[in-house]
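Please read these notes with the structure open beside you.

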Amino acid sequence: MGNALWSNTLSSDTLVIGLGNPLRGDDGVGMRIADLLAGYRLPAGVEVAQGGTRGLELVNWMEGWPRVIIIDAAEVGKAPGGFTRFTLDEGQLLGNDQHLSIHAAGLREALLLAEVLGVLPDEVIVYGIQPAHLDWTDTLSPEVEAAVPQVLKSVLDELMAPGPVACG
Amino acid sequence: MTTVNVNVHHLTRVEGHGNIVVDVKNGELVQCELQIVEAPRFFEAMLRGRPYYEASHITSRICGICSTGHATASLRATENALSVEVSEQTELLRKLVFHGEIIDSHVLHVYMLVAPDFFGVGSVLPLAATHPEVVKRALRIKKLSGDLCAMVSGRHTHPIAMAVGGFTHLPSIKELLAMRERLVAARDDMDETIALLQALPWPQFERETEYVSLQKEDEYAFIDGRIATTDGFTYAIPDYRQVTNEFLVPHSTAKHTKHNRDSYMVGALARFNNNFEQLHPRAKAAAEKLGMEPLVTNSFLNSAAQAIEMVHCVEDSILLIDELVDRGLREEPPYRFQGKGGEGTGSCDVPRGILFHNYVIDEEGLIQGANCVIPTGQNYANMEADMRALVPQILDRPHKEITHMMEMLIRAYDPCISCSTHFLNVEFV
């Protein structure tokens, strides 16, 4: 059995979900990156999905995966095109929600529900990309377009990185 | 003397946007309205000039929950206009995917939109904390029904494999059998659903009205058939306007309808009242457990009727799969336009009630005109009539409770508001 310093049951099984509406400008960046990722030779155990504007179904999608990486446009307090990688442990998405609208249920609600139901993956990593606009258009803004290769590289680096080696 | 003012802005846990306004001055009901404030959608206009084969794909976008319902009604309208006969295989497959959507929509409504009210919580989230098994069951049923839809129509939402004359993709026997196993296993979840609803304190409310739905002699009708009402009227589908009689009201962006009385009701309860005899035995048993048999005139029990339909659809899906597997599936040649236009009406009884699509298609296969009469639109007059009847009965209760009862009443109808608004804006009084 492993101790607290390392895990010898580390699994690289990862589900990458690109979220967003491709018709709302920069909201489509998650879907774009998921689309690009599908063209790469990814390690075994990695799957890429286009989540679109799905809400509570994400709970079903995430169930059973040790690690989930979510890519989405997000308000992360940066200049357009800037992005932040954060884990749920950093507590940025979770909170109390008494007025859930099912029609508008999205990632936040799905994560809350998954946590309450005890089916949240061990690791949930979010890449939040700051949008310039969410206008009715199927193209990304120049700033976010320029950020796509960087986000892609970060995600790929994360997926390709070898797991920690148990020592001792 | 009682003065009550209820003003619910953008009612929660319904699909779309509506306000409830109730104004009682000195014990007299002065104003009682469900104001639909959803923006117009313009689908009927969008179809004009489009080729006939796009209609089902465009109109399936009217709704993300009842997209298969719209697509099916659309296809039936087009097939009716162009005199297209569909094979029995196509009919069986369409019924199967339709059942999937009924289950999908009803489980969402019953567990996530209605149940929180009975558990005294604002949404399914706190419910998940206190009753995780209940919410897990809902998600499980939703996944099953979504997978059923995707298996038959190529995609969970917006059924891409459904086309004029048939299907562009068929499920395999292996897939059908695997799905059959899951449906059989879902019987436990169906039983638990009925048990859950049995234990709920359903509000006591009765108001007689006319119930309108499709009807067929030999099956619980969801697709095709004749229009039937509990007041004893029956019409062929092309004569739907004799039932709907759409008209405008000043406080709403959606039209109202009326037939024999000031209003009528469509949806699960209407189907239940008209077609109880055609329910699968297991569904009839569920109805018995819930103490329901026609004529049920308590609108709150629309959600209970939905649960009974869930049981029916699980059982009937198993029977449909057995028949499909028995027959074997065959690829069929696609429909080719014959160079002749026409007018046609298609009708389905989608999760929320009877839906009509009517198209005029020209000699080049382009749509010249379209009319869609949405179930929720047909319920608005009845919702308001129910509100007017209920308010005096509960005037003595605390204001918060009156508001809550009004909200629960509207939610019971499972209104799909953005489906129903497609008329140009009217000025609010």
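1. Two strands are said to pair if DSSP finds at least two bridges between them, and strands (E, at least two residues) as well as helices (H or I, at least four) are DSSP runs, numbered from the N terminus. In β11(B), B:Asn358 is the bridge partner of B:Thr345.

2. This is a predicted model, in which local features need pLDDT of at least 70 and side-chain atom pairs count only at pLDDT 80 or more, while totals for chains, interfaces and linings use all residues. Residues are numbered from 1 along each chain as its sequence is written, and chains are lettered from A, with ligands numbered from 1, in the order in which they are written.

3. Strand β10 (residues 342-350) and strand β11 (residues 353-361) of chain B pair in the antiparallel sense over nine bridges, and they form a hairpin with two residues between them. Seven of the nine residues of β10(B) are buried, where buried means that 20 or more other C-beta atoms, placed from the backbone, lie within 10 Å of the residue's own.

4. Chain B as a whole has 15 helices and 12 strands, and 52% of its 429 residues count as buried. Its C-alpha trace spans about 70 × 45 × 40 Å along the principal axes.

5. In chain A, helix α1 (residues 29-37) is largely enclosed by the rest of the structure, because seven of its nine residues are buried. Among these buried residues are A:Met31, A:Arg32 and A:Leu37.

Terms used
Buried ≥ 20, exposed ≤ 12 C-beta atoms within 10 Å, placed from the backbone.
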